[in-house]
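Subject: Structure handover and notes

Hi,

Here is the structure I promised to pass on. Please open it before reading the notes below.

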Amino acid sequence: MEGTAATITRKVAVLLLLAALISPIYFSIDGSGAAAVTNTSYVETFDGVATGTTDDFGDVHLSSSANADLVVLDGRLWIMYRGNESREIMRFSPHWGGGGWNLSFEAYTPREGSSYYGVGHKPGKYGLSALLADADGRIVAGVQLRAGDNGPDGEGVYILNGEKWVRLVSDILPAYPHSGNTNGYDPDLYRVGMSLIEDNILLITVFHTKAGSVLSSLVMLNSHPVPELIFHDDVGIMPLVTSAGNYGENGGWFVDDLAIRPSGMAWPEVSPAYEYVNINDPLWLSVKDEQGRAWPVNELNVRIGGVPALFSSDDKRWKVSIDREVDWARSTSYAVIASGIAVIGNIDVTTTTDVEGISISRWWNGWSWATVFGLDDCSGPESAQYFFQGFDHPYTAYVFSLSGSSDTVLADHGEIALHYPHDYYTWMKKTWSESVSSARNAMASFREKYACASIWDDPGHGGRGGTFISLANPGNSATYAMMYAQYLNGVRIEGRGSTLVNGVPGNASLLGSYYVQGGSWHTTPGACWDPFEPEQLMDASRQWSLDYPNIDAAQMRSFLGDFADNGGLLRVYGHPDYSLTSPTYNEVSKMLRWICNSKTDGTPENWKATDGEAASYIYSRHTTSLIRDLSINSGTVVMDVARKDPKAAGYWNTPVTVDIDLSLYNIRDVKVIDGGRTFSMLDGTLKNLDGAREMAVGYDIRDNHLYISHFFNSSAKIVLELSTPIIINEPFHVGLVGQLYNWTAIASKPNKGPSTWHLDQGADAFLRIDRSNDTSCTISGIPSQPGEYHIVLRVGDNDSTYTLEWTLRIGTEPDDVLPSTVLLNAPTRFWMKAPYIIALEANDTWSGVARTMFAIDDHPFDVYTSEFTIAEDGFHTLTYYSIDWWGNVENSTTVRFGIDTVAPSVSFDQVNGVLLPRDVAYIGFRAVDVTSQVRSVVVRVDSSNGALYSEDGVIDLTGYRGAHNITVVTEDGAGNINTSYLEVRISSIASYSRMDMVPFFIGSLLMVGIIALAVRRMISR
């Protein structure tokens, strides 16, 4: 009895201890502060598993079925549900030698909602259950993540209590985008842990990487569980049956990082998933525990690319220098061993080269943004050519009925792209094997019909033929499996991103990186698309449909301005059965012409591209290297330019643009040497593009920048012949009365005779030229009066002169006062509902402000030049400081603020006109704001206010009869307001009456008819 009492006392003590912990994810089980490591612990990252794997691997056992398809895609397991089912789909069966253990996994759903877009009917639910069983196979515990339907047994986080699932959290957060962050790309996700802390005490934790701790629950077990995770699906997807067929619906979960380790032990989180580094910089990794705390350095052994890494205390990173070439997202292995637990995975590394004042332009010919005009459902390329006639813009023909010839597109830079097979009935639910078959058949059909896809693909123009690059294949709502299957079979871009169907990729859900126009990833398409990796080329959304002629011109101009300001790719598309020549399309046509024509209102110009050109340029931009030949410095700058063969990677051989800042180079001639030929700007063999906005080869000079566009195949040279000499260093800007001012200017060598120097300093002259030669000039003097002096120093040879001007400030005492920087429009509240304009003003006592530095979020510091706008929704930090000419550095200031430009979204469980029985007249709704959160909700029935809803989003209409209008007004923390409406009709008949079946049956038939008609109209388009 004493032993039993002691056991109970110990278990109660453990329960009390855990209950007292705020976030009880990790804890010690032996009282020493750390759990003993007695077993082999590891994390299955899926990084070493090939894309397309549907079979067992390692300790992971997969069980696909007709309704649940499992396939590894780019280091993550995609579980796609496409029908009703509840069965085992996967097991994680690691070997374990005994003792307390913690089994965990990561999971995320890429979207909210699962209904077919535009229909608006109630979605089904699809859950991912992780179960534990004992040695006899009896299920003893489990966690379920359930998305989709928000009804009583719908969306939320569930814990298994006996034989019943109990919902403890009533919401599921989808994966949110990470945009513009070169430190790494990972979607927000759930981390579920099941830790056996005693023989029959289980601690279940659910954590969300953005929202934080979700729940922590202790479960008392009747038997000892086996350290094995058993995954089940739990799906209730209602197919949408119409006269056109069964559209079906799908949803799904991504699963990653299955792990086992001793109870109480964290496992190391390794980041980033990708990184951009200069060719001379080391590769790096950051290692933290699951709560974001730095992992103790003495407990880690880190290797990157097979080479031992060293820890840098300056930036808390593990670094290693490895010889490598310029490339885009080259997969590099890593191994992190921490206190007996191993994480083996891959990091995608993009290696770049930097040359001062010289870079690869973001878009071709240095244009600020890019546009694509495309036509869906083309009967051969001629339909797109006809549709866009009269507009000075190349077109992309998304061909879904093979006709016509490749010759059509060669004359006007058009493009043939895949939009086939256009399989409506399976476009949202293809398995991996079906997707692979579809991809192969589509490519074979197109290659049989068309010799090439564009002038760049034409073998007579240097292409390889049969490289079809598409952003709209094979349908509006491609699944992840379909996208990857197409990509692996030669389609370089794939899928449409603006469809809000769960499991459908696009505009900032999983792939790619977006600046999100309007700040809401789930209601507006991405405006600034910049794929981090080649696979993310599959995720370009179509932002403007020409099928709808009624546009607000001012609103559309603002929309396009957002694209321009953020360097985006705008994709415009329509369908052949609409005509831009119709009078109803006047405003649409005006806006298209504005895109095509030169801008006169200050808006940056766009590159007029096709899908394939844009994709091929992006690939070449990331795989082109610039290396300066430092052995040549006499009036000439020579750069070796090389890029990988785009044709070998499935892209077109298109020109790449080198951007040269003319404020740093005084250029007399530009030459490109490639393939034994020399093209010169002076003799005209290097063509003057003269502001051309359609892709070609040559040079352009605009806004003090020189753009050189060329193929730069494998190895080429750019030679800049400078008008020399030029002064290349910065003068001293301060001095003291009575003390010698002495500065030596350094210049490049002259190319036409010796250098001559001239000093001009106005009436109050105190400086003189002490000595000079072809490459240097020393000026000095002792000032007798304080003040500001305007200094001009010129150097020239027989054919050119260079001028340097600056203000010299002379004081009586050293400047020992720090500069001061003020944020002029400091935020008055944390959350703001409009983009925030940041304006800084710096002052200094007498030496003057040399420069003001600022950093946004985790981006590196940059020099502040003028006010700028932060438009991206979410939390932000601004850090700034100034430096004066004396070298005093101001203490930095950090301001934190949030931007939320989008009102909360409200979704009802019912559609308009729903008929409810009088005794169960309940309307479920959900108010969501993913940024500043919902602050208030007001529900009105007709014109009255009242406490008509519960906290879990249920409106109680018991007692009402007849037709009523429901209004839900929500406001978020930034002050954005959304007003949503729903019409309902409440029957006078109770749900248990036989007569109740008649109106409900009639109402159901009407709703099915309405939905079928809507879908049929979409198909006919």
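This is a predicted model: local features need pLDDT of at least 70, side-chain atom pairs count only at pLDDT 80 or more; totals for chains, interfaces and linings use all residues.

Aromatic pairs

The count of aromatic pairs comes to 31. Two of these are worth a look on screen.

Start with Trp78 and Phe254. Their ring centres are 4.7 Å apart. The planes make an angle of 35°, and the pair is tilted. Trp78 belongs to strand S4 (residues 76-81), while Phe254 belongs to strand S17 (residues 251-262). The two are 176 residues apart, so this pair links distant parts of the chain. Are these residues buried or exposed? Trp78 is buried, at 1% relative accessibility. Phe254 is buried too, with a relative accessible area of 2%.

Now go to Tyr619 and Tyr651. Here the ring centres lie 4.5 Å apart and the planes are at 15°. Stacked pairs are those with planes under 30 degrees apart, so this pair is stacked. Where do the two residues lie? Tyr619 is in helix H8 (residues 611-622). Tyr651 is in the loop between strand S37 (636-643) and strand S38 (656-661). The pair therefore ties together parts that are 32 residues apart in sequence. Tyr619 counts as buried at 9% relative accessibility. Tyr651 is buried as well, with a relative accessible area of 1%. The cut-off for buried is under 20% relative accessible area.

There is also a cluster. Ring pairs join Trp363, Trp364, Trp607 and Tyr617.

Charges over rings

Two contacts are listed here. The charged end of Arg146 sits over the ring of Tyr158, at 3.9 Å from the ring centre. The charged end of Lys599 sits over the ring of Trp594, at 5.1 Å from the ring centre.

Best wishes

How values were computed: Residues are numbered from 1 along each chain as its sequence is written. Side-chain values use heavy atoms; hydrogens and water are left out. Rings of Phe, Tyr and Trp (its six-membered ring) pair if their centres lie within 6.5 Å; planes under 30 degrees apart count as stacked, over 60 as edge-to-face and the rest as tilted. Helices (H or I, at least four residues) and strands (E, at least two) are DSSP runs, numbered from the N terminus. Buried means under 20% relative accessible area, exposed over 50%, partly exposed in between (1.4 Å probe, protein chains only). A charge sits over a ring if NZ of Lys or CZ of Arg is within 6 Å of the ring centre and within 35 degrees of the ring normal.
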